[in-house]
Amino acid sequence: MAASSRGFATQFDFKLRRFAFLHHSPHRSSSNGLELRKRKRVSFEVDRVGVTSRIGCCCSDSVVPIRRATRPGKSVEKNEEWRFDLKKAPRRVRIQATSPALPFASPQYRFDSKQEKYYPRCSPRNSGPQSRDSPPKRDTGIANEKDWGISLLNENVNETGTNEDGSTWYRESGEDLGDNGFRCRWTKMGGQSNDGSSEWKETWWEKSDWTGFKELGVEKSGRNAEGDSWWETWQEVLHQDEWSNLARIERSAQKQAKSGSENAGWYEKWWEKYDAKGWTEKGAHKYGRLNEQSWWEKWGEHYDGRGSVLKWTDKWAETELGTKWGDKWEEKFFAGIGSRQGETWHVSPSGERWSRTWGEEHFGNGKVHKYGKSTTGESWDIVVDEETYYEAEPHYGWADVVGDSSQLLSIEPRERPPGVFPNLDFGPSTPPEGFPPT
């Protein structure tokens, strides 16, 4: 999916192998899932398989609301087994508890695309830039700076050219200056096919000023002859927190893709924030649609750097026929004491609602209180002997992000003249909610 100076090609593919809606009742259900492969052409294909199969999403390689429960003919047990295995190395733990089963599966799907490596997009001078005009992939989080291969030119450039097949390209670079020592170095490049039906654009930049602020970023977009389009942006920022005076690194990414032939597409927003004392915040918002089906997902993690942790997830989906279902959970822990709680729910087209709620209280002494109920009359309320497992620290923290941000940290600000001092903006006069910490 790269276009060289000899031509421009944009090939964009989301192929949905199986898609259908599974009607769920509190007593009967079947497994469902999604298989998705990425090819060299864009298409959203649906194999219609009836009403009792699977629901999936377009252009996704993981994390789609998927319903599952007991096998047909078996009733729901009061205490189903729930295994919540967090697969994040190196300081991951396994949480295993007895509570209602999660109805969202998160299998890892593989793409068939051979473009797994990033290629340099600035070829030698006097030749056209090579494009990485592929659309973003779902559920890939925030890339490290080395994966982008940002290489800004040290001189102002304004070049254009035409390839042998009639496609065109351009490359520009420059520098913008502002108050307080602000400097932005940037490079823009792009191209389009000879008939204008396909195009790609990409911009790199680095910013800095005299306050110590530094930013590294990328924005890319494209479209093909079939009308499919995509957009992606990535940023990495170093600044001083106005309230704690600690250095902070923030990373974020936004991605979206839309089909030109169907009412299908997806959007994701990811963010991570770290400070030098271990405070960490991570989260994501996701949305997808394929014709009459839509789904959403939100999750967050917060570590205060002193042992307190909050995690939560909320997923839901719906169809235009009125069927809705979802699952959510939350956990809070500090010093071995905390709680978990959640809900699984389903609403039929007629408005009939089913739900099951559950909770856990961890006392820090090897005793766990488990309770729950559902709208079908099941309930439980027991105390068991069980170890408490949770993550008091993020698996990827301050030391990790500093080690992966060498290009950001190496940005050189403008030289500050003697006797000139930066104008520090400490933001609003009112501190943010929850500050100072208790």
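Analyst: Strand β22 (residues 353-362) is largely enclosed by the rest of the structure, because 7 of its 10 residues are buried; buried means under 20% relative accessible area, exposed means over 50%, and partly exposed lies in between, with a 1.4 Å probe and protein chains only. Helices (H or I, at least four residues) and strands (E, at least two) are DSSP runs, numbered from the N terminus. This is a predicted model, in which local features need pLDDT of at least 70 and side-chain atom pairs count only at pLDDT 80 or more, while totals for chains, interfaces and linings use all residues. Residues are numbered from 1 along each chain as its sequence is written, and side-chain values use heavy atoms, with hydrogens and water left out.

On one side, β22 runs antiparallel to strand β21 (residues 337-347), and 10 bridges join the two; strands are taken to pair if DSSP finds at least two bridges between them. In this pairing Arg340 stands opposite Glu360 of β22. The two strands form a hairpin with 5 residues between them, and Gly351 in that turn has a positive phi of about 95 degrees. Strand β23 (367-374) is also antiparallel to β22, joined to it by 7 bridges, with Gly359 opposite Tyr371 of β23. Here, too, there is a hairpin, with 4 residues between β22 and β23, and Gly364 in the turn has a positive phi of about 80 degrees. In a regular strand the side chains alternate between the two faces of the sheet.

Because Arg356 lies in β22 and Glu378 in the loop between β23 and β24 (379-385), the pair ties together parts that are 22 residues apart in sequence. Both partners are buried, Arg356 with a relative accessible area of 5% and Glu378 with one of 9%.

Lys370 counts as buried at 2% relative accessibility, as does Glu386 at 18%.

Elsewhere, a search of the whole structure finds 22 salt bridges, and Arg138, Asp139, Glu268, Lys286 and Glu297 are linked in a network of them. Another pair is Arg248 with Glu250, the closest N and O atoms being 3.7 Å apart; Arg248 counts as buried at 13% relative accessibility.

As for confidence, the protein averages a pLDDT of 75, and 66% of the residues score at least 70, pLDDT being the predictor's confidence in each residue, from 0 to 100. Over residues 1-125 the pLDDT is below 50, although this stretch has 370 contacts in the model beyond near neighbours in sequence, a contact meaning heavy atoms within 4.5 Å. Residues 434-438 also have a pLDDT below 50, and that stretch has 3 such contacts. Where pLDDT is low, the predicted coordinates should not be read in detail.

How values were computed:
A salt bridge is a side-chain nitrogen of Lys or Arg within 4 Å of a carboxyl oxygen of Asp or Glu.
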